Amino acid sequence: MTMKLYFSPGACSFVPHCLLEAAGAEFEPVMVKLHKGEQSGAEYLALNPRGQVPVLVDGDAVITQIVAICTYINDLFPGQQFFSTTPLVKAKALETLSWMNNTVHPTFTHVFMPRYFSDEEVIQAGMKTFNAKKYGGLLKELNALVEAIPTGREWLSGTHFGPLDAYALTLCRWGAMAGHDPVSFKALWQHVQKVAQHPPVARVIERERLVLNVYKP
Ligand SMILES: N[C@@H](CCC(=O)N[C@@H](CS)C(=O)NCC(=O)O)C(=O)O
């Protein structure tokens, strides 16, 4: 049975979307319009009570959370080496993936959806400003991780394209929405442009109709 990936254009679901495309998996991309609140409708909540994308459905199994979905896709398509088979390289990649998912990503959520964290508009405004600035510092850290890619290795994830590369692109795009010019993070921006040209990623960018640099000074 064909897998289904519930995604929203430009959201974090871009990460597993790219992995499925890169693996040549048979899957149906199902768009969830977050701006229309489709994630909060009864039908979607029956699938994922947390009302979030991504969701991967494989047969009767419903998998949520990027780290879990990426690990599952890696295990289904071991030849792709989305995670390295070298234990230490894999552990370090999971370390960075977890940081992206549990630190960088939620910092942006405070900028983009402050209403999830307070009912009060004044608090929301303060939270937005504070976290937009904090996000700039996290992008600097990400830029340093790209600079630290060992010579001879092309990808953040390891010797092959993988989740860290797709997530880096997503987080960099979001940075522009938080007021950070992606071009100012030189190594990261170069890497993101390379990732965007990787054929499976380019196909996903086209399917999701994404503009890479949405920065407006
Ligand atoms: N930790 C979750 C985060 C998922 C998440 O934050 N998804 C966002 C899009 S990037 C979402 O669906 N937001 C809709 C909402 O919260 O209303 C994961 O790894 O899947």
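I began with glutamine 52, which touches Tyr44 and Gln65 once residues up to four places away in sequence are left out. A reminder to myself: this is a predicted model.

Next I checked where glutamine 52 sits, and found it in the loop between helix 2 (42–47) and strand 3.

Then I turned to the cores. The largest nonpolar core has 58 residues, and Phe14, Met100, Leu142, Phe161 and Leu188 touch the most other members. Several elements supply at least two residues each, among them strand 1 (3–7), helix 5 (121–147), helix 7 (186–197) and helix 8 (199–208). Helix 6 gives the most to this core, with eight residues. I also found a second, separate core of eight residues, which includes Val32, Tyr44, Val55 and Val57. Tyr44 was already in my notes as a contact of glutamine 52.

Beyond its neighbours within four places in sequence, leucine 142 contacts Trp99, Met100, Leu156, Ala168, Leu171 and Leu188.

My last stop was helix 3 (residues 66–76), where I listed Ile66, Ile69, Cys70, Ile73 and Asn74 as the buried residues. They lie on the same side of helix 3 because they cover an arc of only 135° around the axis. What covers them, I asked? The cover includes helix 1 (14–23), strand 3 (55–58), strand 4 (61–64), helix 4 (87–112) and helix 6 (163–177).

Technical notes:
Residues numbered from 1 in each chain as written. Predicted model: local features only at pLDDT ≥ 70, side-chain atom pairs only at ≥ 80, totals over all residues. Heavy atoms only, no water. Buried < 20%, exposed > 50% of the residue type's maximum accessible area, 1.4 Å probe, protein only. Helix = DSSP H or I, 4+ residues; strand = E, 2+ residues; numbered from the N terminus. Arc of directions from axis to C-beta. Contact = heavy atoms within 4.5 Å. Core = buried A, V, L, I, M, F, W, Y, C linked by side-chain atoms within 4.5 Å.
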